[in-house]
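User: Hey, I'm new to this one. Can we go through a few spots together?
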Amino acid sequence: MVKITKEAALLYHSQGKPGKIEVVPTKPYSTQTDLSLAYSPGVAEPCLEIEKDPQTAYDYTDKGNLVAVISNGTAVLGLGDIGALSGKPVMEGKGLLFKIYAGIDVFDIEVDEKDPEKFIQAVKAIAPTFGGINLEDIKAPECFEIERRLKAELDIPVMHDDQHGTAIISSAGLINALEVAGKKIEEVKIIVNGAGASAISCTKLYVSLGARRENILMVDSKGVITSDRPSLTEEKKFFATDRRDVHTLEEAIKGADVFLGLSRGNILSQDMVRSMAASPIVFALANPTPEISYEDAMASRPDVLMSTGRSDYPNQINNVIGFPYIFRGALDTQASAINEEMKVAAVKAIAGLAKLPVPDVVNEAYHVNNFTFGPKYFIPKPVDPRLITEVSIAVAKAAMESGVARKPITDWEAYKIKLRDLMGQENKLTRQLYETAKRDPKRVVFAEGIHPNMLKAAVEAKAEGICQPILLGNEERIEKLAKELDLSLEGVEIVNLRHDREAERRERYAKILSEKRAREGANFQETNDKMFERNYFGMMMVETGDADAFITGLYTKYSNTIKVAKEVIGIQEGFKHFGTMHILNSKKGTYFVADTLINRHPDTETLTDIAKLTYNTVKFFNHTPVMAMLSYSNFGADKEGSPAKVHNAIEQMHTKYPEMIIDGEMQVNFALNKELRDSKYPFTKLFGKDVNTLVFPNLSSANATYQIIQSLSDSTQVIGPIQMGLNKPIHFTDCEASVRDIVNITAVAVIDAIVYQKKMNKE
């Protein structure tokens, strides 16, 4: 567990701009016209439309994406009744989670009022501002009446997350834990320790999922809640038992199948856990100290299935798995409520997600090879990017089916894409790459088959339907690694290029290459030796048609790969050089950057080749190239060094290829700022145009630029390197490429192979 000091916590909240959230404009505001539209007089028009039809507030304002996190500070997480203002950092934190996990805007509102009726009236008075209300940190039993009234009297979704968030996540965990244990919810004996808002809500949801009230015992600070106890609240009375033979937690838990703790730390002993039934399920959710520590629970017996509220142990019950996506689905359907059907839909979606193969980004976040459904993983992790689609869609469908949705969703695939776009998981270009590759999957050779990322990428690319993978490497080592990573190799071909059975193919490849390079000093013995190297062998598979594309680069030095590519595949006719580009997908648009990998110190001739190749490659991605060749000077201001080389290259491009929209040399700020460029250099071929393609003067500047952007910007997706100029589809990865990076390059390689095949068919 990460140790948080008082000093570090206070510094985090105070440094820079105090607090954790801010309001950001979503419309232009730089001109007088912008301001007149934003406020007076233009703002009158949407006001009048909303007056005629209040529902249009969702069209003209942020209401449909705005949630209020409201508290009176009477039950702040683990701190108790500390007051409304003191609880504000928590409410800001909740707002932060809404935004980063589901793209929902939040105003945190701290109401200094403990009287339930006055609190209700205050919330009702401000409700028109919002599309939904998240009640937070309000003590029981008042929280029950406050939520009940607000849900009944408002026409927007209202949810007290302390109750229902924990209920939804723990219910998903319970469903899956029972499956792992081989038990049925309607048969298990459940002990609930704690009788506050969370405990009551959790237990009610368990009942709606099939648990029987007669199989449930609830324990509070006075012991087992029995029906003869005087002055029971209505909530406790619902779970009071008629049994008179049990009074304490120790007595109640004997033979129990499930323990749910929402009380205080260290009240469940190892002996109590040992007294439970076989494969007991222990949800010790008190924070920060669980009812029993993970270590003690696991030491008490090996068959225990354990969850806590802490992130440093398996199966964390974390509300962030639920509330952002529940509100997302409710807001997107303009639901009038969050009802039982929507909560159950969220439970089932979360439970189902834990059974699916886990994305690599989740494994990397927790430094494991692969999470697999079972005792140590039966609840999805909060960083799982699929939560936004799986849970939000399930909730939206339930809202429509239960009749509370006012804006039906008709195209679920489009909605799924919209959700991914919202969180920056996907963009139009990558979707197009995958969709195009899926139409005609090609045979792709992956050079480093024994590298975990390459192996995962090959399996994922196969699952995506974009290629037929061929792994190079020792089959026993690959199969062992796949087993460790829990990956299926079904449909994946493995070629051990050094095995005796490949001797005939090695000799065939060697003969072809030696004849091809005979007048360049090659001989059969030399090329036969080279066929024991994966880059030579893999590229010869493509050269001979035994495969369609080749991916390499995780282990091999670029200099060696470049040499082999030139020797085996060769450079396209009409060029003396080849290069690579990276695609940068940012909030400002898509940009193409070259040469990022191959040519270290290009001269004028090399820069001209790079520019031509880049032009063709940008068109390959269905974009119109508007190109700037960069330097540290502008249009001949510096007559020596790299600026002069770029200047001369532009001169040649303008003469030989007048149809190309390209100019330079110029500094980056002039390339990307159209107004600045046009005002100072109106003579350029780029006048009035937005540049989307940048050609750098050398490898250092291009490579450093894309890596800086990749490192500093979470919102910019980087695809590449993409090979330009070789005769056949040979593509490279960066040495530290992620699984997703490799899959993206695989999609590019497949499309490259499709285009190459069409070209060959025409010839």
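User: At what angle do helix 14 and helix 18 pack?
Analyst: Helix 14 (residues 323-332) and helix 18 (residues 412-422) pack at an angle of about 125 degrees, and their axes are 13 Å apart. Axes here are lines fitted to C-alpha atoms, for helices over the stretch in contact, with angles from 0 to 180 degrees between N-to-C directions. Helices are DSSP runs (H or I, at least four residues) and strands are too (E, at least two), numbered from the N terminus.
User: Before we go on, what sort of model is this?
Analyst: It's a predicted model: local features need pLDDT of at least 70, side-chain atom pairs count only at pLDDT 80 or more, and totals for chains, interfaces and linings use all residues. Residues are numbered from 1 along each chain as its sequence is written, and side-chain values use heavy atoms, leaving out hydrogens and water.
User: Back to the helices. Which residues meet there?
Analyst: From helix 14, Arg328, Gly329 and Asp332 meet Tyr415, Leu419 and Leu422 of helix 18. Contact means heavy atoms within 4.5 Å.
User: New topic: how many aromatic pairs are there?
Analyst: The structure holds 16. Rings of Phe, Tyr and Trp (its six-membered ring) pair if their centres lie within 6.5 Å; planes under 30 degrees apart are stacked, over 60 edge-to-face and the rest tilted. Take phenylalanine 283 and phenylalanine 378: their ring centres are 6.3 Å apart and the planes are at 20 degrees, so that pair is stacked.
User: Where do phenylalanine 283 and phenylalanine 378 lie?
Analyst: Phenylalanine 283 is in strand 9 (residues 281-284), while phenylalanine 378 is in the loop between helix 16 (360-365) and helix 17 (387-401), so the pair ties together parts 95 residues apart in sequence. Both are buried (under 20% relative accessible area; exposed is over 50%, partly exposed in between, with a 1.4 Å probe and protein chains only).
User: And how are the rings of phenylalanine 670 and tyrosine 681 arranged?
Analyst: Those centres are 5.3 Å apart with planes at 70 degrees, so this pair is edge-to-face. Phenylalanine 670 is buried at 6% relative accessible area, and tyrosine 681 is buried at 13%.
User: Which cluster do ring pairs make?
Analyst: Phe635, Phe670, Tyr681 and Phe683 are linked into one by ring pairs.
User: Last one: which ring does the charged end of lysine 94 sit over?
Analyst: That of phenylalanine 323, 4.2 Å from the ring centre. The rule is NZ of Lys or CZ of Arg within 6 Å of the ring centre and within 35 degrees of the ring normal. Likewise, lysine 397 has its charged end over the ring of tryptophan 412, 5.2 Å from the centre.
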